Amino acid sequence: MTSFILLPVGYYIAADASKYRSAATLSTPQLSAGAQCLEFYYYASGEGQKEITLNVLYFGSRNKLLWTHSGDAGDKWNKVQLEIPQENAKYKVCICVTTCY
């Protein structure tokens with residue numbers, strides 16, 4: 001099982017790694033332009049290939065891959081802290097997970 005918690009709100013997504021192929025996405029609402037800090041936890045343990053990506057989708061502009069993880073991350077919750085770069089466009093943050101057994 002691969003899960004995420006987006007703090008402080010407490011939303012999560014899960015992709016079942018025991019299925020042949022599973023995918024899930026969690027997006028924020030539209031956010032105002034400007035630098036932001038993002039903190040979340042992920043759990044990616046056990047068999048099966050796992051890929052987690054975090055993209056920033058800028059409105060009227062480009063998309064930017066901000067973070068990625070592949071494979072087993074151990075039997076624990078892993079903390080990630082990122083700064084979303086300053087841009088002059090509103091944006092959404094999108095966390096995607098895919099698994100393949």
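How many disulfides does the structure hold? In this predicted model, the number of disulfides is zero. Cysteine 94 takes part in none, and the nearest cysteine sulfur, belonging to cysteine 96, is 4.1 Å away. A disulfide requires two cysteine sulfur atoms within 2.5 Å. Seen from cysteine 96, the closest cysteine sulfur is that of cysteine 94, and because the separation is 4.1 Å, the two are too far apart for a bond. The accessibility of each cysteine was also computed. Cysteine 94 has a relative accessibility of 11% and therefore counts as buried, whereas cysteine 96, at 22%, counts as partly exposed.

The largest nonpolar core comprises 22 residues. Within this core, the residues with the most contacts are Phe40, Tyr42, Ile52, Leu54, Trp67, Leu82 and Ile84. Two or more core residues are contributed by each of the strands β3 (21–27), β4 (36–44), β5 (49–58), β6 (63–70), β7 (78–84) and β8 (91–100). In soluble globular proteins, nonpolar side chains tend to be buried together.

Histidine 69 was examined in its local setting. This residue is located in strand β6, and its relative accessibility of 14% is the reason why histidine 69 counts as buried. A polar atom of the histidine 69 side chain lies 3.0 Å from the backbone oxygen of glycine 71. When residues up to four places away in sequence are not counted, histidine 69 touches Tyr42, Lys50, Glu51 and Ile52. Of these contacts, Tyr42 and Ile52 are also among the residues with the most contacts inside the largest nonpolar core.

Definitions and conventions:
Residues numbered from 1 in each chain as written. Predicted model: local features only at pLDDT ≥ 70, side-chain atom pairs only at ≥ 80, totals over all residues. Heavy atoms only, no water. Buried < 20%, exposed > 50% of the residue type's maximum accessible area, 1.4 Å probe, protein only. Core = buried A, V, L, I, M, F, W, Y, C linked by side-chain atoms within 4.5 Å. Helix = DSSP H or I, 4+ residues; strand = E, 2+ residues; numbered from the N terminus. Polar contact = N/O pair within 3.5 Å; in protein donor to acceptor, adjacent residues only side chain to side chain. Contact = heavy atoms within 4.5 Å.
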